[in-house]
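Here is a short briefing on one protein chain.

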Amino acid sequence: MKRILALAASAALTLIAACTGQKAAPADVDAVFAQHLPWNPDAKGVQTDPDSGLQWIVIKQGDGKGESPGVSDLVRVNYDGRTAEGAKFDSSYDRGKPSAFRLNQVIPGWTIGLQKMHKGDQYLFYVPNKLGYGNANRG
């Protein structure tokens with residue numbers, strides 16, 4: 001799985017996430033962000049989790065085979081993290097290897113969002129502050 005997470009002092013987070021066994025980045029991550037930032041919650045294709053407020057756009061649908069990860073599952077993800085303004089702050093692609101973590105050990109936005117995905121999916125997530133790092137200054 002790969003995810004893109006963004007953090008900002010008082011802005012929400014933007015992430016691209018993809019559940020995949022591939023080591024390469026999705027087709028053109030910069031183009032995906034350019035197309036969808038600044039975030040428009042009313043744009044075509046935006047889905048919203050009614051309980052949490054997490055929003056996402058499906059960039060690519062995988063084959064739907066396999067289970068979605070559970071809250072305590074260990075996942076390996078490639079991701080590109082960006083602020084709500086689009087500035088990259090972290091990237092597993094730049095490091096050349098996926099990150100591994102349990103879903104219950106990361107911000108709630110990742111925990112909720114990644115459970116919606118299957119291998120091969122690529123999602124762009126918009127994570128509100130309350131599901132990310134809050135309003136604390138992170139930089």
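Buried residues account for 48% of the 139 residues in the protein chain. The model is predicted. The accessible surface of the chain is about 7,100 Å². Carbon and sulfur atoms hold 48% of that surface.

**Overall layout**
- The protein chain contains three helices and eight strands.
- Read from the N terminus, the order of elements is β-α-β-β-β-β-β-α-β-α-β.
- Take the contacts between residues at least 6 apart in sequence: 66% of them join residues at least 24 apart.

**Helix H1**
- H1 spans residues 29-36, and its Val29, Val32, Phe33 and His36 are buried.
- Viewed down the helix axis, the buried residues of H1 fall within an arc of 95 degrees, so they line one face of the helix.
- An α-helix has 3.6 residues a turn, so residues three or four places apart point the same way.
- Ala34 and Gln35 lie on the other side of H1, where they are exposed.

- Which residues of E4 form its covered face, and which its uncovered one?
- In E4 (residues 74-77), Val75 and Val77 form the covered face, while Leu74 and Arg76 form the uncovered face.
- In a regular strand, side chains alternate between the two faces of the sheet.
- E4 pairs with E7 (residues 99-102) in the antiparallel sense, over four bridges.
- Leu74 has Arg102 of E7 as its bridge partner.

Technical notes
Residues numbered from 1 in each chain as written. Predicted model: local features only at pLDDT ≥ 70, side-chain atom pairs only at ≥ 80, totals over all residues. Heavy atoms only, no water. Helix = DSSP H or I, 4+ residues; strand = E, 2+ residues; numbered from the N terminus. Buried < 20%, exposed > 50% of the residue type's maximum accessible area, 1.4 Å probe, protein only. Contact = heavy atoms within 4.5 Å. Areas by Shrake-Rupley, 256 points an atom, 1.4 Å probe, with all protein chains shown as cover. Pairing = 2+ DSSP bridges. Arc of directions from axis to C-beta.
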